[in-house]
Amino acid sequence: MRQLRLKGQGVSSGIALGRVFILERKEITPVKISIADAEIEDEVRRFHDALAKSRDQLVALKERVRKEVGEEHSYIFDAQILILQDDILIQPTIEKIRGEKINVEWALQEVRHHLESLFRDIDDAYIADRGTDVGDAIGRVQINLGHQQVETMEGLDENIVLVARDLTPSQAVQIEKNRVLGFAIDTSSRTSHAIILARSLKIPAVIGLHDFYFKVRHNDRVLVDGTEGEVVLNPSPTLVREYLFKKQKYEDFQKELIRCALLPAVTLDGVSVLVQANVEAVSDIPLLSQSGAEGIGLFRTEYLMLCSAHCDPSEEEQYEAYSAVVRGVAPYTAIIRTADLGGDKLGDPGSHVRENNPILGLRAVRLCLKRKDFFKRQIRALLRAGTHGDLRIMVPMISGVGEVRQVKQIFQECSEELKSEGTHFNDAIPLGIMIEVPSAVTVADLLAQEVDFFSIGTNDLIQHTLAIDRDNDAISYLYEPMHPAILRSLREVLRAAANAGIPVSLCGEAAADPLFALIMLGLGLREFSMNPAFIPVIKRVIRSVRAEDLNDIAVQALLRPTAQEVEEYLLEKLVTRFPEAMMSMPGGFKGDV
Ligand code: PEP
Ligand code: MG
């Protein structure tokens, strides 16, 4: 058997050695059949029966997953159950059956294609991936229309590496940690449920393998290195020995990270740092405590919008969700961000107008200020949820003081309305803004007089300051967090916040990059918020450095003229001063063999 090494993207770290199990996907290919008038209502009834059957299966699956895998994963099915009840699916399917006099299988297939394409067109990887939920839920209905058994993974062998073209959420949640050692997946979606699940179950996973699926056979020996993003088919005995050694070292390092996650983020010279989590769904909250997060620094509300009919949840639905966030994270703080729709995310729920330049268009706070009723529903829900714990509200994409004042005016209106209705609410919720537009950096001193806190969104700030589309691969090499223009901007924001005496946090992806976190620490930042998966590493890094030394290093780094020189300087200094911290750098832990 020839050894074959393939490079993909490592999305869940660790090393697995096992036997291939090829996961085949059942696909239904419907045919179009014209039906007579007299058959129409029978066809509609078949549709309702299949919806009900699918719903029952999903509820049962959810219950099974809750018991066997954990409460937090069972919520994955809520989105699918909601889809099956949504008018966005039911109405057009029935209209097609009745209007075009066609069989339900064909009508449903057309609606499925339409919905999947809507999701694909959304320029946000996380949300676009939720299209998989739509496909998966409808696929289940299609199978149930044909009276076939929905595929299950019961009876899987042990010690297997799952090889698949793609994994649907229904398949993903059935995976049992003690049987599945690793994932090798051909498609390359970083935010799919399969990946999220692999990470939380700590199963090593590599994606983006293109056609690995076609190269393997059941029972082949395979090695998955989720840290390096490599898969080896039929590894030689020498390679297996090397990897087993590496695996041991990796596992020791992981144990240390788990220990670190629960320790406070305090530097060697006693400076305390707050490390919080970025969260997108209420269902992620139960996982936070084990990551070591001390609260939520950014709760994105767009996913909640997406899960509701027409992206416009009622005040009551929002109140329930925000209250669950606040209660779930107690005794810590939850910073909830108002809707950041439009631009690279979901569009305006009330409009179908296409913008030529949506990134610079009617988005985020601009959209909210224009669609005042929509915004007020969210603010009222937040003010009410604020009675259940330490909730703070943050507004995205602020470009100047004028917008902040308009937002405050709306807060005022909502408070007065709630007061006159006699509805219980919190009228002292801190209001903060995201600093992610270059003009906000320039007038940070003025903005700091108006709000209670800042949170820096480097994802957008880098995009707008450097004029680099954050989702355009062709120019991604220019997307440089360490660019002197970015570092100077951040220094100014920190100064403005310090002068005004307000807290400032950083919640863009860059916060999870150890090198970037260290330079920010050196510039005086004391609050970070990031994807919970990165918190243990960042805490470990913080615990292995002296803040005072970093201060000098950061001042010197800021004199370097290019991002590359800044990085080189940082690495050179850190390697000698804090070798322990370097272990946690990307590629720093190689478990070298
Ligand atoms: C950011 O821009 O850095 C940010 C955290 O917001 P989002 O990624 O949701 O735009
Ligand atoms: Mg942003």
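Mentor: Two strands pair if DSSP finds at least two bridges between them; strands (E, at least two residues) and helices (H or I, at least four) are DSSP runs, numbered from the N terminus. This is a predicted model, in which local features need pLDDT of at least 70, side-chain atom pairs count only at pLDDT 80 or more, and totals for chains, interfaces and linings use all residues. Residues are numbered from 1 along each chain as written, chains are lettered from A and ligands numbered from 1 in written order, and side-chain values use heavy atoms, without hydrogens and water.

Trainee: Which residue stands opposite N278 in strand 10?
Mentor: Strand 9 and strand 10 (residues 296-299) pair in the parallel sense over three bridges. Within strand 10, the residue opposite N278 is L298.

Trainee: How many bridges join strand 9 to strand 16?
Mentor: Strand 9 (residues 274-279) has five of its six residues buried, that is, under 20% relative accessible area with a 1.4 Å probe and protein chains only. V275 stands opposite F528 in strand 16. Strand 9 and strand 16 (residues 527-530) run parallel, and the number of bridges joining them is four.

Trainee: Which are the edge strands of the eight-stranded open sheet?
Mentor: The order in this sheet is 1-8-7-3-4-5-6-2, with mixed pairing. Each edge strand pairs on one side only, and these are strand 1 (4-7) and strand 2 (9-12).

Trainee: Which residue in strand 8 stands opposite D225?
Mentor: Strand 7 (residues 221-225) and strand 8 (residues 230-233) run antiparallel, joined by four bridges. Opposite D225 stands E230.

Trainee: Are E436 and D460 buried or exposed?
Mentor: The cut-off for burial given above applies to both residues. By that criterion, E436 and D460 are buried.

Terms used: Buried < 20%, exposed > 50% of the residue type's maximum accessible area, 1.4 Å probe, protein only.
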